[in-house]
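Open the structure in a viewer and keep the sequence panel beside it. The tour below goes from one selection to the next.

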Amino acid sequence: MDCPVCKNPMITMELADVEIDYCTGCNGIWLDEGEMEILLGNGGKSKDFIRSFHKAPQTGEGQRKCPICDKNMEKIVASEIEAGPMLDRCVNGDGLWFDKGELHNIIEKASLDEGNKIKQLLADMFGQETEDR
Ligand SMILES: [Zn+2]
Ligand SMILES: [Zn+2]
């Protein structure tokens, strides 16, 4: 699968029970559909958080194409997080794209259930020192 930003082939990593695709060029992360849910777990806070995703208002950020179906992705934000990152989501539901630092940004700001696996995933990927934006 090629990175939607720099078009280089991404590497697949198996971490925290999900297979993620990672771009070593731009440090972006692709999660297939359903993997975000696995990472966040089944708790009520995490479910609310996922439900709060909605289409972002028009922005200047360029459109990206889904690495799976090659359609333009839509920009989404989580209404739960103020000034949170803008993510790219495949309109066909293939998955979610996180630019460098966006996944980290989300777990810092969102109220998620204890025991979600995102911290573990980031620690496995980047070591204890998860890098800042
Ligand atoms: Zn890239
Ligand atoms: Zn797609």
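Select Ile81 and show what surrounds it. Leaving aside neighbours within four places in sequence, Ile81 is in contact (heavy atoms within 4.5 Å) with Phe49, Ile106, Lys109 and Ala110. Ile81 belongs to the loop between strand 5 (73-78) and strand 6 (87-90); helices (H or I, at least four residues) and strands (E, at least two) are DSSP runs, numbered from the N terminus. Ile81 counts as buried because its relative accessibility is 8%; buried means under 20% relative accessible area, exposed over 50%, and partly exposed in between (1.4 Å probe, protein chains only).

A note on the model before going on. This is a predicted model, in which local features need pLDDT of at least 70 and side-chain atom pairs count only at pLDDT 80 or more, while totals for chains, interfaces and linings use all residues. Residues are numbered from 1 along each chain as its sequence is written, chains are lettered from A and ligands numbered from 1 in the order in which they are written, and side-chain values use heavy atoms, with hydrogens and water left out.

Next, look at the aromatic rings. The whole structure holds two aromatic pairs; rings of Phe, Tyr and Trp (its six-membered ring) pair if their centres lie within 6.5 Å, and planes under 30 degrees apart count as stacked, over 60 as edge-to-face and the rest as tilted. Select Tyr22 and Phe126, an edge-to-face pair with 5.9 Å centre to centre and 70° between the planes. This pair links distant parts of the chain, with Tyr22 in strand 2 (residues 18-22) and Phe126 in helix 4 (residues 118-126), 104 residues apart. Tyr22 is buried at a relative accessible area of 9%, whereas Phe126 is partly exposed at 25%. Then select Phe49 and Phe53, also edge-to-face, at 5.3 Å centre to centre and 70° between the planes. Both of these residues are buried.

Finally, select the zinc ion (ligand 2). Which protein atoms are its donors? They are Cys66 (SG), Cys69 (SG), Cys90 (SG) and Asp94 (OD), 1.9 to 2.3 Å from the ion. Donors are N, O and S atoms within 2.8 Å of the metal (3.2 Å for Na, K and Ca); water is not among the atoms, so sites may look incomplete. The four donor atoms subtend angles of 105 to 113°, so the arrangement is tetrahedral (four donors, all angles between 85 and 135 degrees). In sequence, the donor residues follow the spacing C-x2-C-x20-C-x3-D. Cys66 is buried at 2% relative accessibility, and Cys69 is partly exposed at 27%.

Definitions and conventions:
Four donors count as tetrahedral if all angles lie between 85 and 135 degrees; four count as square planar and six as octahedral if opposite donors are over 155 degrees apart and all others between 65 and 115; anything else is irregular.
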